[in-house]
Amino acid sequence: VRARIIVAVCWNFIAMECPERVAPVRRSRGPTASLSKGRLSSGRSCSWGTSAWACRIQIFALAWGCTSRLAAADEQKKFTLGVFLHTPGRMNMERIAMDVSTPGSPRYGSYYSQMRLAEETGVKKSTVDEAVKWLTSSLAIVGTNSSVNPQVTAHRDAVLVTLEDFYPTYHLGAALKNGSVETPTGVELIVTPSSPPGFCEDRNGEKECTAAAFCKWNSTNCTGETGGWMLSLTPKGDLDGADLAFLQNGVGGSSMQQRWKRRRRGRVWGRPTTPEAAAQRAIDDQGTNFTKAKNLGFWVSPMSEGIRILQDVAVHPNGSSLHPVDWSSLEVAYTQGQVHHQLILTREDFTEAPLNATVALIGGLRNVRRVIHVAVCLNEGPPGPWQKGPGCHCDPTTGRDFIGRQCQVLGGLGPEKNPVDFVVPLAPESLSALQRHLGVTPGTRAGGGKSVPEVSQAVAEFAEETYDREDVVRAFEAYGLDLSMLHVSDDGPAPKRDLTISAAAEGSLDLQVIATLAPGARTVWSSIEQTNIDGFMLAYMVRLNNEHSPALVHSVSWGDAEGHYPPKFVERLDYELMKAALRGISMIISTGDNGINCGLATCKFTPCIIGSSRWVTSVGATMQSEDAVPYCREEAFQSRLGECEERGHSVCSSATGALITSSGYWSIYRETPDYQEEAVAQYLRENSCVPCKAEVPEGKTAQGDGNMTTDLAVDQPWMDPQTIQLESLLGRRRASPDVAAPGHRFPVFLNGSVVFLDGTSASSPSFAAIVSLLNAEQLRRGEGPMGLLNPWLYSIAKHPGTFFDVTMGDIGANEQDFCPWGFRAAPGWDAATGLGVPHFERLKEHLPRRGLTEALQASATESLHESDQPEALAMVASQSPLLVRAATLAAAGLVLFALAMKRVHVWPRAMTSGGAAQSLLESEDEGPAYQHF
């Protein structure tokens, strides 16, 4: 009886609070939807024969799961809008921010505290109070059932309010546009949040949905979502005239359409993860590679010192096999260099693997050398009297070889719409490979001992990206790293338990790369809700600047088109990024994965809103190349690195075997900063074509007609004219990238298995980890953090060996196609790889010091090179205030004099123990990309 009472009571609770478990009836849907009190209509949670305690456990588990989901749903019902105030002190702050970031400046390294920043903004208390009052009264006018509790940010330059209802935030923007709510004074920008994903599509009935204004932006149905409002105001509180005209068109700023999905940087090597997706992919592949030949379901992918031959075993949704071919053995043919290979594979050579495929491994090939003319011929019976087969010479148009066997020509992945006819064996970019390519000594760490101060770093995540902590642990264990050096925490919404490739692969890439390359650092998973202000970078920077002790380095592997945003929005974002530089915080941004387009896979020139800011360091991607000169054979590195077999860096491009093409561009809004003016001018002066005609492989075609007037016309809908030619931006606007880092074939643990990823999503956290290692060295020497790196990076690029200069390749492709135009790599700075790939040990030798003028800094560096003791000046600079600055300079002079006389005692170079252990990720004999460990 007691058990039945428990069942009845608990079940009624579940029926009321979790009606989806008991035939629910929804009255409405969306963030403000209320759930009807469901009734017990069918089924019971426990059978009558279940014991009381067993039933209690089942009911408790069910109730706990329901309430947990309700709590999670409540967390999603938060909508934050931002009211951003005019800041009279902005121009002065920008000058100071550049001074504190420029080595040789008297202010270098004198970063600002939160209190000092609040004073510098110049916003009066009366202005803040007026904005708070206006926001409270305006939300009351448009109607809200939520309590309004405006929050003033730490620097007193913005007012935020978070509501549990989307409607008032939308109606406030609409009321400002139509004039039913008075516009405030002292406000320059108002940004309201986007609707939650699926908000409009989930509404009951087309009639109800189309009746809601927010669900029909630029549409007569409910297929779109609104992304909120961006309203620019003049200092007097009027809507900005240039923006108002555009707002009235119902485009961009008024609807901020979510068709601008935030672009993640990176792509996964592998096949679809579900049978349905695999089946659809195979259906789509039928006839795409060959005009008449049947697709037999085989494909090829690279491995270390070899290739993999795989066959899909996907099943059509109707139950039939997609590849109903019979074979007992395969003859495989391929060529590397001038040597042609052929061999026989039987079914016993293939092993079952995840992702609906079987796989056979072929080894004994040279890395970073193209394998061409790969083909498979099917033997229905024994292979015959030939020991290795008669030779597989496949005609791709008929799908038959010269003796009539079914066959298939295999090629690499390349751009999706233009698969390349080669595959490149290549070892993965494991930790030891990444350390070699970035000049990092194994065992270098960013914290974890008295001699190595602890530093902090963060990865920025959006759009509900997630990760699994256990995967980070697996990465540390695989590389032989001490787990006591792993420190990961969450800032923002807790990651969801969704470990699919689409939801977790690239977030896992960010976290695993930055944490393993800079072990010991405090690493933060920093995520932003989609309904927080713009749901993107402005919301991220507002939160960062509101924190008392944020991470010192932030890696951002996301982007969006700069032209989608009005100038006032871009100015405000730059202002928030500038404040981070004033605090000594480094912002590291990936440039993008689609060549001259930072976002979409098209060949139309499009710069990125974040990577184009002068207050960030933008990072492109490289890959190893057989054509590039081995960097360790260059004279500057011979004494340090010795002989090696690895090839040099080239531009990471889908035209040469990668899955992505690194991006480079010029901004449409931001002027050329002083620190890069000379380097960019030299590139434009010494290269006859910018951009150049891209090198399209023979037999392939590029997207578009190659017309410079159309391909290189930049959209700027908020400006007059609404398009501008790239040529008019060259030398006048900020150019990206600043540097580059490897971005090809990174192994990543995902739910215990390993996948391989390409992208500037890997390059950004790689360089961010380098910055954390530099911060650790600076703090150990008594210096402050690196902050904005660019003035320093461009100033030391003249020293041989600080960067691996990338001179091979171009960015004339994207994820889908070859493109007619692209920026080429060239000596020095270029618009494909920036200054090149940094060499950590050489960068460390040129670390800047506070209190030293530019001339004294150069002199100190020269003396250090002569003595080959970078630590000799560890005590020269300190965190001393101005009162002891003179004493510090005097001490520096004495040390320099002693070094010159060779009469100073130099402390031995500090060494760190450890080193990555050999692991499966480092193995020369790699298994499948999806091998389970």
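**Entry 1: α11 and α12.** I looked up where these two helices touch: D471, V472, A475 and F476 in α11 meet L511, Q512, A515 and T516 in α12. Contact here means heavy atoms within 4.5 Å. Helices are DSSP runs (H or I, at least four residues), numbered from the N terminus. The model is predicted, with pLDDT of at least 70 needed for local features and 80 or more for side-chain atom pairs, while totals for chains, interfaces and linings use all residues. Residue numbers start from 1 along each chain as its sequence is written, and side-chain values use heavy atoms, leaving out hydrogens and water.

Next I checked the axes, which are lines fitted to C-alpha atoms over the stretch in contact, with angles from 0 to 180 degrees between N-to-C directions. Those of α11 (residues 469-478) and α12 (residues 501-517) come within 10 Å and cross at roughly 40°. That makes α11 oblique to α12; oblique is what remains after under 35 degrees (roughly parallel), over 145 (roughly antiparallel) and 65 to 115 (roughly perpendicular).

**Entry 2: α16.** Which residues of α16 (residues 674-686) are buried? I found Y675, Q676, A679, V680 and Y683. Buried means under 20% relative accessible area, exposed over 50%, partly exposed in between (1.4 Å probe, protein chains only). Seen down the axis of α16, the buried residues fall within an arc of 95°, so they line one face. The arc uses directions from the helix axis to the C-beta atoms. On the face turned away I noted exposed D674, E678 and R685. The cover over the buried residues includes α3 (90-100) and α19 (790-796).
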